[in-house]
Amino acid sequence: MRRAARSLLSGLIAASLAAASAPVWSQEVSREDIVRQLGRFETAPALDLPALKQQTQERSRMRGRNEPPPQKRPPIAPELMNLPALNVDIQFDVDTPIVRPESYQAVGRIADAMVYSDLLPYTFLIVGHVEANGKRESNVILSQRRADAIRDILANTFKISVKRLQSIGLGEEQLLDPSKPTAAVNQQIQIIPIAKTVEEAAAPPPPPAPATPSRQGPRKHRN
């Protein structure tokens, strides 16, 4: 009995530690917190976005008796799970990519962090998710449109270079909380750094070659 109690307690502690280590984002988080969260990027992933988009769309169309339920599906882009990520609770109108006015402040705070010197060299991937309600294929489309909407707001409203922004929608194919596939947490937008540009200092121009002295003596003028 005591062993069972200890095992249960250990499991609860482990679950609590796992939850504590997960990136948590609130509306009141500071720019410095965002920079600290996303600045832990080390290695660029081998990421083929066009192929991943096609794979996500194809998997969302799968039908069959052997198809696992949402909570048991393997993540479609596990390489993204090893990168620092900022999970953002952006409010959209129901079933649309229209961002509600109260969420513009949150997007603006992300933009402020992106132009901070520590994050200025980074390229970011905006990942859209949708909870497991409705049709899987429609959820992928909606999540892509929502990710595109955040990208466009960052670029057009807050003037973040579009060269630093990419977007993808994973629908319900990579749930943020697989244990609760229909929970609102699975609608969050993720901001993930995926590349860092290393600018090499321009080499200084070579010094001018010294003038070669003439070996010919001065000409004598004849009268």
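You're looking at a predicted model, where local features need pLDDT of at least 70 and side-chain atom pairs count only at pLDDT 80 or more, while totals for chains, interfaces and linings use all residues. Residues are numbered from 1 along each chain as its sequence is written, and side-chain values use heavy atoms, with hydrogens and water left out.

**The second largest pocket**

- A pocket is an open set of points on a 1 Å grid over the protein atoms alone, where a 1.4 Å probe fits and protein lies on both sides within 12 Å along at least five of seven lines.
- This one has a volume of about 340 Å³, where volume is the space filled by probe spheres set on the points, and grid points are joined across faces, edges and corners.
- Its lining takes in 19 residues, with D95, E131, L142, R146 and Q187 nearest its centre; a lining residue has an atom within 4 Å of a point.

**Salt bridges**

- How many salt bridges are there? The count comes to ten, taking a salt bridge as a side-chain nitrogen of Lys or Arg within 4 Å of a carboxyl oxygen of Asp or Glu.
- One of them joins R73 to E172, with the closest N and O atoms 2.9 Å apart.
- R73 sits in the loop between helix 3 (49-60) and strand 1 (86-88), and E172 in the loop between strand 3 (165-169) and strand 4 (189-196), so this pair ties together parts that are 99 residues apart in sequence. Helices (H or I, at least four residues) and strands (E, at least two) are DSSP runs, numbered from the N terminus.
- Are these two partners buried or exposed? R73 is buried at 14% relative accessibility, and E172 is buried too, at 4%. Buried means under 20% relative accessible area, exposed means over 50%, and partly exposed is in between (1.4 Å probe, protein chains only).
- R136 and E173 also meet in a salt bridge, at 2.7 Å from N to O.
- Since R136 belongs to helix 5 (residues 136-157) and E173 to the loop between strand 3 and strand 4, the pair ties together parts that are 37 residues apart in sequence.
- R136 is buried, with a relative accessible area of 8%, and E173 is buried at 1%.
- D93 and R100 make another salt bridge, with the closest N and O atoms 3.5 Å apart. D93 is partly exposed at 29%, and R100 is partly exposed at 28%.

- A nonpolar core is a set of buried Ala, Val, Leu, Ile, Met, Phe, Trp, Tyr and Cys residues joined through side-chain atoms within 4.5 Å.
- Which residues touch the most other members of the largest core? Of its 42 residues, they are L80, I90, M114, I126, I150, L154 and I191.
- Helix 2 (31-38), helix 3, strand 1, helix 4 (104-114), strand 2 (122-128), helix 5, strand 3 and strand 4 each give this core at least two residues. Helix 4 brings the largest share, six residues.
- Helix 4 is mostly covered, with eight of its eleven residues buried. They are A106, V107, G108, R109, I110, A111, A113 and M114.
- Those buried residues pack against helix 2, strand 1, strand 2, helix 5, strand 3 and strand 4.
- Leaving out residues up to four places away in sequence, L154 touches V107, A111, M114, I126, K159, I160 and L165; contact means heavy atoms within 4.5 Å.

**Loop residues to look up**

- Most residues other than glycine have a negative phi.
- D95 has a positive phi of about 60° although it is not a glycine. D95 is in the loop between strand 1 and helix 4, and it counts as exposed at 61% relative accessibility.
- K159 also has a positive phi of about 60° without being a glycine. K159 is in the loop between helix 5 and strand 3, and it counts as exposed at 65%.
- E102 is in the loop between strand 1 and helix 4, and it is partly exposed at 47% relative accessibility.
- The C-alpha atoms of E102 and F92 are 9.7 Å apart, and these residues are ten places apart along the chain.
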